[in-house]
Amino acid sequence: MGEHTDPGGWRSRFAEAAREERPDLAELCLLIGAVAEPEVDRPDLDAAEIELDRLAGLLPYGAKTPGGWAEALASLLGGRYGFHGTRDDYEYLESSLLHRVLRRRRGLPILLCAVWMEVARRAGAPVYGVALPGHFVVGFGEPGERVLADPSAGGRPLTEEDARLLVTGATGEPLRPSMLLPADPLDMVLRVLNNIRAWAAARPERSDVALWAVELALLLPSHPARLRYERAQLLVGRGDFLTGAAEMEAYADVVAAVEPSTAATLRAHARAARARLN
C-alpha cells in the first residue's frame, strides 16, 4: 500500500491467505508477526508451525468428550508448558505476535486462544474461539455439550455462570447466546490487529506499528470502512501529506451519500494536509 514496500512478500501473502476458502488462523497470525519484525524469515514461520505440530502430537491419542479435550489441553499447554497470560502482557507488542507467544508461552488472551485452537485442531478436537466481550476464550463441542476454557488462566474451565460474570464485568450487559457462538477466524485476525492498533495508539512514537496494523486490516475481505480514514490520519501524521490527503478524499467519496457533512469535513482536512506541503 502506498509508499510501503513488502520485501518479504508477507503483505501479499496475508492478502491471499485472508481470501482463501478456509483461512488458516495460524498462518495469518504468523504473517502479522513477519510484518511486525523485519528480521523474521520463512524458516522462523516454519519453525512456529512445526512447534504447533509438535505440541499437538503430545496430546493423548483417541476421541474425547469436549470436557476431555479441554482437560487434555489444560494439562499440556497450561500445566506442562505453562502457557498463560497476565495484565503485564498488554504492555508488550510481542504479546500479540504468535511466533513470540509460542517461544515465551505468554501472550494476550486471543493469542493464547489461537495457540490452543491450532494445537487442538491438529489433534482433531472440535475446538473454536469464543469472542466474549472483553475476554477471548475457547470452546469445545456442540452447544448442548459445550465446554469453555480460559487459556490465559492456564485452561481454567468456565461455567456459563463464569462467562456471564465475565461479560457483565466487562460491559455491564447480560450474557447473550450469540456471544457463545464460534468466532470466525478472520474476525479473530481483525481483533488481533485491533489490539496492536490499541497498543500503538498509547505510544505515539510507534505510529509505524499503527500504520502497518491498519494496512493489514484493510487487506481483510471485511473491515470497517473508517480504517481508511485512520490510515489517512497516520500518513499525514508521519509526513506523507499527499498520500494521506488522497486517502481522505477517497474515504469522503465513500461516505458522501449518507453523511454529506462528514464528507465535506474530510475534504477540508485533505486540503489542509496538502497545504502543509507549502
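Reply: What follows goes through the strand pairing and then turns to the rings. The model is a predicted one, and the description should be read with that in mind.

Strand E2, which covers residues 135-140, pairs with strand E3, residues 147-150, in the antiparallel sense over three bridges. Within this pairing, valine 138 has alanine 149 of E3 as its bridge partner. The two strands form a hairpin with six residues between them, and in that turn glycine 141 has a positive phi of about 85°.

Strand E3 is also joined to strand E4, residues 156-158, by three bridges, and these two strands run antiparallel. Here aspartate 150 finds its bridge partner in arginine 156 of E4. E3 and E4 form a hairpin with five residues between the strands, where glycine 154 takes a positive phi near 80°.

Turning to the rings, the count of aromatic pairs comes to one. The pair consists of tyrosine 229 and tyrosine 251, which are stacked, with 6.1 Å from centre to centre and 15° between the planes. Because tyrosine 229 belongs to helix H10 (residues 227-237) and tyrosine 251 to helix H11 (residues 241-255), the pair ties together parts that are 22 residues apart in sequence. Both tyrosine 229 and tyrosine 251 are buried.

Charged side chains are also found over rings: the charged end of lysine 64 sits over the ring of tryptophan 69, 4.2 Å from its centre, while arginine 87 lies over the face of tyrosine 90, at 4.6 Å from the ring centre.

Conventions: Residues numbered from 1 in each chain as written. Predicted model: local features only at pLDDT ≥ 70, side-chain atom pairs only at ≥ 80, totals over all residues. Heavy atoms only, no water. Phe/Tyr/Trp six-rings, centres within 6.5 Å; stacked < 30°, edge-to-face > 60°. Helix = DSSP H or I, 4+ residues; strand = E, 2+ residues; numbered from the N terminus. Buried < 20%, exposed > 50% of the residue type's maximum accessible area, 1.4 Å probe, protein only. Lys NZ or Arg CZ within 6 Å of the ring centre and 35° of its normal. Pairing = 2+ DSSP bridges.
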